[in-house]
Amino acid sequence: VKVAADTIILDRRGGILGQVASTGTGRGGDITIQSRSLTLTNAASVSSNTFGIGNGGNITVATGSLSVSGGSAIDAGTFGNGNGGNVRVTANSIALDGRTPDQQFVSGMFSQVFDTGNGLGGNITVKTGSLTITNEATISSSAFGNGSAGDLDITADSILLDRGSITARAASGNGANITLNVRDLLLLRHGSEISTTAGTAQAGGDGGNITIRSPFIIGVLGENSDITANAFTGRGGNIDITTNAIFGLQVQPKLTPFSDITASSQ
C-alpha cells in the first residue's frame, strides 16, 4: 500500500491496513506513506499484521508533522507464526498523546508479537526534530508470545516524555536494545519511563541494553520517572549514558518511589 498526499487525516477507527488473514500464509503487506502532515485520531490506525503464517509487513512514514492521539496507532505485528514488521518514521515533529475515552487503547507506535504469536518483534526507527510523548502514549516493541522484542532506535533534536514511555518488553526471550541519540535535551516528567524488560513470564531472558547520548537529561526526583534495563531470571541489561549533566534522576541498585536509573535482575 502506497499513499502520497499533502495532508492525511485518519479519524474514528478508520485506517490503512495490510494484513494476512488467519487462514492465509505469506507476508503482511508493506505500507508507505508520504505527506506534509499525517494525523491519526479517535482510534485510527496504520497497521500491517499477519494472523496466519508469515512475517508482518513493514511500515514506512515520511511526513512533516505526525500527530497520533485518542488511542490511535502505527502498528506492525503478528498474531501467528512469524516475525513482527519494522516501523520506520521520519518527521520534522512527532506528537503522541493519550488513550481512547474508555481507556482501552493507548496511542503510539508499536511493533508486536502477540501472545498467540511465535517470532521476533520488529525494529522501530524514528528520526525527528522534536518527539513529544504525553498522557500514557508510548513507543513500544514487544514480544508477548515466544520470541524477543525488536530494537528501538530514536534520533531527535529533543525528546519530551510527560506521563509517556519508550519501552521494549519480552515475555520469554531476551530484552531489546533502546538507543536514543538526542542533540539538545531529554526531559522526563510525571512518572515517565524508558525501559527494556526481559522474561516477564518468568521464563528466562537477559535484559536489553539502553544507550543514551544527550547533552542534558532532566527529570524531577519526586515524580518517579525511571530509566531501567531489567530482567527476572536472566541478567539485567547495561545502561550506557553519555551526557554533560543529569538532573533529577539518581543511579540506584533497584527501583524506588523516586526517579531512578537502574539495571537489575530478580
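Me: How many helices and strands does the protein have?
Reply: There are zero helices and 21 strands in this predicted model.

Me: And how much of the protein counts as buried?
Reply: Of its 266 residues, 52% are buried. The exposed surface comes to about 10800 Å², with carbon and sulfur atoms supplying 49% of it.

Me: What share of the contacts with a separation of 6 or more is between residues 24 or more positions apart?
Reply: Those pairs make up 80% of them.

Me: Which residues touch the most other members in the largest nonpolar core?
Reply: I139 and L180, in a core of 50 residues.

Me: What is I139 in contact with, beyond four places in sequence?
Reply: Its partners include L96, M109, I124, V126, L152 and I154. S165 and T167 are also among them.

Me: Switching to charges, how many salt bridges are there?
Reply: The count is seven. One of them pairs E136 with R99, at 3.1 Å between the closest N and O atoms.

Me: Where do E136 and R99 lie?
Reply: E136 is in the loop between β9 and β10, and R99 is in the loop between β7 and β8, so the pair ties together parts 37 residues apart in sequence. E136 is partly exposed at 33%, and R99 is partly exposed at 28%.

Me: What about R183, buried or exposed?
Reply: R183 is exposed, at 56% relative accessibility. Its side chain meets D157 in a salt bridge, 3.7 Å from N to O. R183 sits in strand β13 and D157 in strand β11, so this pair links parts 26 residues apart in sequence.

Definitions and conventions
Residues are numbered from 1 along each chain as its sequence is written. This is a predicted model: local features need pLDDT of at least 70, side-chain atom pairs count only at pLDDT 80 or more; totals for chains, interfaces and linings use all residues. Side-chain values use heavy atoms; hydrogens and water are left out. Helices (H or I, at least four residues) and strands (E, at least two) are DSSP runs, numbered from the N terminus. Buried means under 20% relative accessible area, exposed over 50%, partly exposed in between (1.4 Å probe, protein chains only). Contact means heavy atoms within 4.5 Å. Accessible areas come from the Shrake-Rupley method with a 1.4 Å probe; for residues, only the protein chains shown count as cover. A nonpolar core is a set of buried Ala, Val, Leu, Ile, Met, Phe, Trp, Tyr and Cys residues joined through side-chain atoms within 4.5 Å. A salt bridge is a side-chain nitrogen of Lys or Arg within 4 Å of a carboxyl oxygen of Asp or Glu.
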